[in-house]
Amino acid sequence: MSHVKGTLTDDLGLPPAPGAEQHAALDLANSAVTLPGGQYSDLLATPGAANLWLTAHGLAPADAGLRETCAAQLRSLREHLRSLIAARVEGHTPPAGALNAVNDALTRAPAAALLHWSPERGPYRAATHPTTQILEHALAALAADAADLLTGADADRLTACGSPPCNRYLLRHGRRHWCSTRCGDRARAARAYARRTGRAEENTRGDAEEN
Ligand SMILES: [Zn+2]
């Protein structure tokens, strides 16, 4: 099961999906991944793992002391975000609960860096906030990024990895719709096998999109 080291690169040798380094919300959506051979990793499975994930994304100090209720809130936002991304990719209307969850996270705490003023530095902006609100601010920042991702210029490039059972989302470049070379190689191998065994007609979808 999951070995907690903070990234999927450590856990499964998987680099971030294309776009996930620019959008923390996309990386959140991909933070529990399913791969062949029973490989599964949830980077938010425990409070300690969730803290590592937030710290790696600049959203919490390493000693934030997250509790299980905090990790559970992150996992819940992840599931709502996945259903919003799926709706955008598949062109249907998402469940109201998913929209409400993102909007609730957006409005529970300000995601903006606030204006401060000190005699030494003069005016500056910083996202300082009480330690009791670390999680609320992290959820707000992730929800804001999710809203930007779903409404911004990149939204049309959102797609699901086309190599089952991989469950990651990515921003497509050209016609490539794999989250990683490993997934691309596996999908090509699966199609080659299907052709050899005379089932090519049943698997034309991937061929048409790639070659
Ligand atoms: Zn994949």
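Here is a short tour of this structure, stop by stop.

Before you click anything, know that this is a predicted model: local features need pLDDT of at least 70, side-chain atom pairs count only at pLDDT 80 or more, and totals for chains, interfaces and linings use all residues. Residues are numbered from 1 along each chain as its sequence is written.

**The whole chain.** Start with everything in cartoon view: the chain has eight helices and six strands. Helices (H or I, at least four residues) and strands (E, at least two) are DSSP runs, numbered from the N terminus. Trace them from that end and you'll read α-α-β-β-α-α-α-β-β-α-β-β-α-α.

Now select residues 32-35, strand S1, and 39-42, strand S2: they pair in the antiparallel sense over four bridges. Pairing here takes at least two bridges found by DSSP between two strands. Click Leu-35 and look across to Gln-39, its bridge partner in S2. Three residues sit between the strands, and in this hairpin Gly-37 takes a positive phi near 75°.

**Gly-19.** Next, hop back to the loop between helix H1 (8-12) and helix H2 (24-29), where you'll find Gly-19. Is Gly-19 buried or exposed? It's buried, because 21 other C-beta atoms lie within 10 Å. The cut-offs are 20 or more for buried, 12 or fewer for exposed and partly exposed in between, with C-beta atoms placed from the backbone.

Show its neighbours too: leaving out residues up to four places away in sequence, Gly-19 touches Leu-26, Asp-154, Leu-170 and Leu-171. Contact means C-beta atoms, placed from the backbone, within 7 Å. Finally, select Arg-157: Gly-19 and Arg-157 are 138 residues apart in sequence, yet 9.5 Å apart in space, C-alpha to C-alpha.

Key:
Two residues are in contact if their C-beta atoms, placed from the backbone, lie within 7 Å.
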